[in-house]
Amino acid sequence: MDDIFDIIGEAATPAVEIIKDWGQDALDGIKKHAPQYLRYVIYALKGLHI
């Protein structure tokens, strides 16, 4: 399971840096939709059958 978190972290790091460059408006939008994004992550992890 730790490997999965490492992979997610590696994939998310560049996205976080890009979002920081976009500014506060982008961060506010992501915070607003975070529960939806988390559901996508959960569905993806369920599909891994770990």
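Is Ile42 buried, exposed or partly exposed? Ile42 is partly exposed, because its relative accessible area is 46% (buried is under 20%, exposed is over 50%, and partly exposed is in between, with a 1.4 Å probe and protein chains only). Keep in mind that this is a predicted model, where local features need pLDDT of at least 70, side-chain atom pairs count only at pLDDT 80 or more, and totals for chains, interfaces and linings use all residues. Residues are numbered from 1 along each chain as its sequence is written, and side-chain values use heavy atoms, with hydrogens and water left out.

**Helix α1**
- Helix α1 covers residues 2-22 (helices are DSSP runs of H or I, at least four residues, numbered from the N terminus).
- Its 21 residues reach 30 Å from first C-alpha to last, close to the 30 Å expected at 1.5 Å a residue (the expected span is 1.5 Å times one less than the number of residues).
- There's a kink of about 30° at Ala12, shortly before Pro14 (the bend is the angle between axes fitted to the seven residues ending there and the seven starting there).

**Helix α2**
- Ile42 belongs to helix α2, residues 24-46.
- The end C-alpha atoms of α2 are 32 Å apart, which agrees with the 33 Å that 23 residues should span at 1.5 Å a residue.
- α2 bends by about 60° at His33, and the proline Pro35 follows within four residues.

**Across the chain**
- Glu10 and Ala44 are 34 residues apart along the chain, and their C-alpha atoms are separated by 16 Å.

How values were computed: Helix = DSSP H or I, 4+ residues; strand = E, 2+ residues; numbered from the N terminus.
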